Amino acid sequence: MARTIRNKLGFTQLVTRSNILGFNLGLISCKSRRLLETLAFDEVRSSNAIDKPSDCTAFILHGLLGSARNWRSFARNLSSYLSTNSSSEWRLVLVDLRNHGNSAAVQDLRPPHDLDNAAADLANLVKSQGWDWPDVVIGHSLGGKVALQFAQGGSSGDYGDSISLPKQLPYLHDAEQLWVLDSVPGVGNPEDSSGEVEKVLETLQSLPSQIPSRKWLVEHMIKLGFSKSLSEWLGTNLKKSNGHETWAFNLEGAFQMFNSYREKDYWPLLENPPRGMEISIVQAENSDRWDPCVIQRLESLIRKERDGSEGKFSLHVLPNAGHWVHVDNPKGLLEIIAPRIASLK
């Protein structure tokens, strides 16, 4: 049975023990020697054995305006699958990205709020915990591009000698896996403001900072034409504060991250993945963000002949799902991802 270990803000609580490794000296991009807070995260383990070490680690990165808790159900199901289909002991780390979830209150995660710093946050977390580079990184939407930046920074040595891509030797058959869930790898069209995410952001910026109630929010969003499932999901991102509901995320910081998301281009990384890494994109069948020219370009990468000096690329289509893949078709998503992860030795 999968076991969830929830951390508290500013601290990290591991399955093996409680500690305060959320604070660490000498983290990446930090000039000060004082103790610094790292990202908040939850950990899901398939084993109840307190002292049993993990052989493999997978990071799960949520999308814009989301949090780690949005992926707990999927993570538990993935952990349960791995416990019966993998010989390894897996640690699943559900991260709250900067400006989101419990990390929204971490004051050491300073601007600029862009993908470069969001990826460096992950490297700082790895370093503070003394973990190896994760064997698998799964990122949805915004988290997908953070994952791509994390891979690009690691392969370029941006995070120092202690944080680098492993398994880049030709005789190792297992590749690190990077899963990008319904996230277009290229630059977004600055003239396109008709997408669902853009409409949500525009609407949230027009709302009062204090929401009367979760019920009011859901009903208000539905009246504006948003789906009931999306409206209810937005309601899960509210928290109580002085008798009112406020957002669990930093809306302005999240908006800056979205602008960075739209500006970043990772086509060169997909065309030449680092040796020892497989980058897999999962396209949601009913998502509104996939232009035919983008799909054609992705399909051409599948057909590209590779000589073994670089990594791999694959493309998967998740049927019966819109952008919110883990809500629309979690079973289908698990069927795509889980067997591939379990194949890692």
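1. A charge counts as sitting over a ring if NZ of Lys or CZ of Arg is within 6 Å of the ring centre and within 35 degrees of the ring normal. Arg-297 does this over the face of Trp-267, at 4.1 Å from the ring centre. Lys-145 lies over the face of Tyr-261, at 4.8 Å from the ring centre.

2. A quick word on ground rules: this is a predicted model, where local features need pLDDT of at least 70, side-chain atom pairs need 80 or more, and totals for chains, interfaces and linings use all residues. Residues are numbered from 1 along each chain as its sequence is written, and side-chain values use heavy atoms, leaving out hydrogens and water.

3. Now the ring pairs. Rings of Phe, Tyr and Trp (its six-membered ring) pair if their centres lie within 6.5 Å; planes under 30 degrees apart are stacked, over 60 edge-to-face, the rest tilted. That rule gives eight aromatic pairs. One of them is Phe-59 with Trp-131, edge-to-face at 6.0 Å centre to centre and 70 degrees between the planes. Phe-59 sits in strand S7 (residues 56-61) and Trp-131 in the loop between helix H2 (115-129) and strand S9 (136-140), so the pair ties together parts 72 residues apart in sequence. Helices (H or I, at least four residues) and strands (E, at least two) are DSSP runs, numbered from the N terminus.

4. Ring pairs also link Phe-41, Phe-59 and Trp-131 into a cluster. Both Phe-59 and Trp-131 are buried (under 20% relative accessible area; exposed is over 50%, partly exposed in between; 1.4 Å probe, protein chains only).
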